[in-house]
Amino acid sequence: MRYSALRLIKESLTGHKGWRPQWRDPAPQSAYDYVIIGGGGHGLATAYYLAKEFGGARIAVLEKGWIGGGNVGRNTTIVRSNYLLDGNEPFYEMSLKMWENLEQDLNYNAMVSQRGILNLVHTDAQRDAARRRGNAMILNGSDAEHLDTDGVRAMYPFLNFDDARFPIKGGLLHRRGGTVRHDAVAWGYARGADMRGVDIIQNCEVTGFRIEGGKCLGVETSRGFIGAKKVGVSVAGNSSRVMALAGMRLPIESHVLQAFVSEGLKPFIPGVITYGAGHFYCSQSDKGGLVFGGDIDMYNSYAQRGNLPVVEDVIESGMSLIPALGRARLLRSWGGIMDMSMDGSPYIDKTHIDGLYFNGGWCYGGFKATPAAGYCFAHLLKTDRPHDIATAYRLDRFMTGHMIDEKGQGAQPNLH
Amino acid sequence: MIINHPLLGPRDAQEFTYLGDASLINRPYWLSENALREFHDYLYLRDNPAGKHRELWFHEQGDRSWLVVTRNTVTHEITKVELARDVAKARPKPEVLQ
């Protein structure tokens, strides 16, 4: 069923009785050409592009719970292409271009809103770094603009400009960045994949891999064995646990990241603001809630909730940047589990096991990557070669010395 | 989280900084035949379990001792706290040093 204004009018005149479920609920078949583990944004996007762009047939997505119930439903919805390094920026630029065309492609309202992202700077050194990053972004086809204090003041007059310790000296504005309705991304990809014959199998937990002679033959699941010519794992947050079933250890630690939303307020933050002096970023949802977050909790965790000291730290940072925040009441806070990688960059790669492929290690930046990660992972699954734009995301890059460390922190996952 | 420091008693986890898996105590022997592979695995690969996890915490805002904390990564419950030096001393020495 194609969605359109005409359809909406017709349904509203006939009591909305014609709407159908957006995807089927099929029982698993005994074998597929491609099995994607993980029904999150990345897994569903992979299945979608595999079916649509790469002519993949007989595809299944296996999800242990319900689709879109993991990090794609727990992030702060920001999409951007403002990276520095060559291994990263072209990839994220491709992703942002795909976001710009996503709703037309999926025939689904994902509420893509390019409302602009402003990274504030507070010191001369930060201004230099921001200019350098802006130039790198422009060289890779993205957009960047430097604002001075007056430029920032014109956009966001309510910020704390004259803080004694961290005065606002300007900012790097990325106008094409913005926000996307996160759940709708998962649903849109699920519907698009389902329409192209992909079986989306929920409540189907993978409990093991059947590997014989160095080749992956399929997966053991809570709903029986499912054979597959190729298996793609896309389960960020739980990557280490799933790949341990195949006997692999990954360059990943799982950490919890908290996020927050306030009660609904009248519109006053038109874009996304990030603080340069503390770890804090904020945007306002279309419902009016201020959506904000900060640092990860810093210790390994699989609990989808964090501790109070980080809540305090994030809100202190917020208060020092936006004093008006103190008048708002906090509505909800939650946590999601991040695959924190050893250099802060992701992996999209084959494993040493034939027919087993891996996509993960997205740290807290997986959501914005969803379209490009799905596309590139589908490319890898289909052709056995990485997509030209994702050649740097190798699992063995620490052995070969080709790390992509945006922050220059070294092998300390909680600092990326 | 409260970490029950073996010398100082219960302390707020905020006084500590976190390093990671306690296997980082077991630095490979630098003259080992497979030193490159061993150091790669030591530095970059992690078990990253959901459940019981032994990990290194540094009491930065306290007595600056290193601790090995046994903690459940699903519930955040801490079940054991040891001084890292005791854990390190209790290890068998590598063959080449005996």
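**Ground rules**

I noted that this is a predicted model, where local features need pLDDT of at least 70, side-chain atom pairs count only at pLDDT 80 or more, and totals for chains, interfaces and linings use all residues. Residues are numbered from 1 along each chain as its sequence is written, chains are lettered from A and ligands numbered from 1 in the order in which they are written, and side-chain values use heavy atoms, with hydrogens and water left out.

I wrote down the terms for helix and strand too. Helices (H or I, at least four residues) and strands (E, at least two) are DSSP runs, numbered from the N terminus. Two strands pair if DSSP finds at least two bridges between them.

**Entry 1: chain B as a whole**

I counted two helices and six strands in chain B. Along the sequence I read β-β-β-α-β-β-β-α. The C-alpha trace spans about 45 × 30 × 20 Å along its principal axes.

Next I checked burial. Of the 98 residues of chain B, 43% count as buried. Buried means under 20% relative accessible area, exposed means over 50%, and partly exposed lies in between (1.4 Å probe, protein chains only). The accessible surface of chain B is about 6000 Å², and 51% of it belongs to carbon and sulfur atoms. Those areas come from the Shrake-Rupley method with a 1.4 Å probe; for residues, only the protein chains shown count as cover.

**Entry 2**

I went back to β1(B), residues 2–5. Four bridges join β1(B) to β2(B), residues 9–12, and the two run antiparallel. A hairpin of three residues links β1(B) to β2(B). Which residues of β1(B) are on the covered face, and which on the uncovered one? Ile3(B) and His5(B) are on the covered face, while Ile2(B) and Asn4(B) are on the uncovered one.

**Entry 2: the four-stranded sheet of chain B**

I traced an open sheet in the order β3-β4-β5-β6 (chain B), with antiparallel pairing. Why is one side of β3 and of β6 left without a neighbour in the sheet? β3 (17–21) and β6 (78–83) of chain B stand at the edges, each with a single partner strand, so one side of each has no neighbour there. The twist averages 30° from one strand to the next. For angles, axes are lines fitted to C-alpha atoms, for helices over the stretch in contact, and angles run from 0 to 180 degrees between N-to-C directions.

Four bridges join β3(B) to β4(B), residues 52–58. In that pair, Thr17(B) stands opposite Phe58(B).

**Entry 3: a helix of chain B against chain A**

I listed the buried residues of α1(B), residues 35–44: Ala35(B), His40(B), Tyr42(B) and Tyr44(B). What do they pack against? They pack against β12 (252–264) and α11 (397–400) of chain A. Contact here means heavy atoms within 4.5 Å.

**Entry 4: the eight-stranded sheet of chain A**

I followed an open sheet in the order β5-β6-β4-β13-β14-β15-β12-β16 (chain A), with mixed pairing. β5 (145–148) and β16 (330–341) of chain A stand at its edges. Neighbouring strands are turned by 25° against each other on average, direction ignored.

**Entry 5: two helices of chain A**

At what angle do α3(A) and α10(A) pack? The angle is about 110°, with the axes 7 Å apart. The two are therefore roughly perpendicular. Angles under 35 degrees count as roughly parallel, over 145 as roughly antiparallel, 65 to 115 as roughly perpendicular and the rest as oblique.

I picked out some contact residues. Those in α3(A) include Phe91(A), Met94(A) and Trp99(A), and those in α10(A) include Pro371(A) and Tyr375(A). By class, the contact has nine nonpolar, two polar and no charged residues. Ala, Val, Leu, Ile, Met, Phe, Trp, Tyr, Cys and Pro count as nonpolar, Asp, Glu, Lys and Arg as charged, and the others, Gly among them, as polar.

**Entry 6: a loop residue**

I ended at Arg223(A), in the loop between β10 and β11 of chain A. Arg223(A) counts as partly exposed, at 37% relative accessibility. Residues that Arg223(A) touches include Pro26(A), Ile201(A) and Cys204(A).

How values were computed. Lists of a residue's contacts leave out its neighbours within four places in sequence.
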